[in-house]
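Here is a short report on a protein fold, written for reading beside the coordinates.

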Amino acid sequence: MYDTILVPTDGSDGMARVAEHAIHLARLSEATLHVLHVVDTSAVPLDAHSQSVQEGVEEAGRTSVAEIHDRAADVGIYAITAVQYGTPHQEILAYADENDVDLVVLGTHGRTGLPHVLLGSVAERVVQHSDVPVLTVRTSPPE
């Protein structure tokens, strides 16, 4: 059903749940798994301090995609990793388009109310604008 599955990661603790779903679907479909981390450059002007912060975030992103890659490889799933800079939802959508992705498996924190309004929602924007199906997985179980 799916040949190419994309799982964007923000490196949060709950991403293990999301990765588990993506890996399971890739295994069932015999699909290639793409693991993407986007370093958000949209919120902070670039100066010496923010450059240092972005490098740290990039390194954490590389670690996150490598962990998911290794989990996929452990069960025989071919995985491709990428770390990109930009606005997360835009980069996710562009990556999906450029790589002929059939399904995006995306984590959501399940924020509502003021935190949702203040922080926005990458997942919501991807769902609204994606040309392919998007499976959202809560990064933590509902309380």
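## The β4-β5 pair

Strand β4 covers residues 103-108 and pairs with β5 in the parallel sense, over 5 bridges. Two strands pair if DSSP finds at least two bridges between them. Helices (H or I, at least four residues) and strands (E, at least two) are DSSP runs, numbered from the N terminus. Gly-107 has Val-137 in β5 as its bridge partner. Thr-108 sits opposite Arg-138 of β5.

The model is predicted: local features need pLDDT of at least 70, side-chain atom pairs count only at pLDDT 80 or more, and totals for chains, interfaces and linings use all residues. Residues are numbered from 1 along each chain as its sequence is written, and side-chain values use heavy atoms, with hydrogens and water left out.

## The sheet

The open sheet has 5 strands, ordered β3-β2-β1-β4-β5, with parallel pairing. β3 (79-86) and β5 (134-138) are the edges; each has a single partner strand, so one side of each lacks a neighbour in the sheet. Neighbouring strands are turned by 25° against each other on average, direction ignored. Axes are lines fitted to C-alpha atoms, for helices over the stretch in contact, and angles run from 0 to 180 degrees between N-to-C directions.

β1 and β4 pair in the parallel sense over 2 bridges. Leu-6 stands opposite Val-104 in β4.

## Helix α3

Helix α3 (residues 88-98) lies across β1 (4-8), β2 (32-40), β3 and β4. It runs at about 150° to β2.

Key: Contact = heavy atoms within 4.5 Å.
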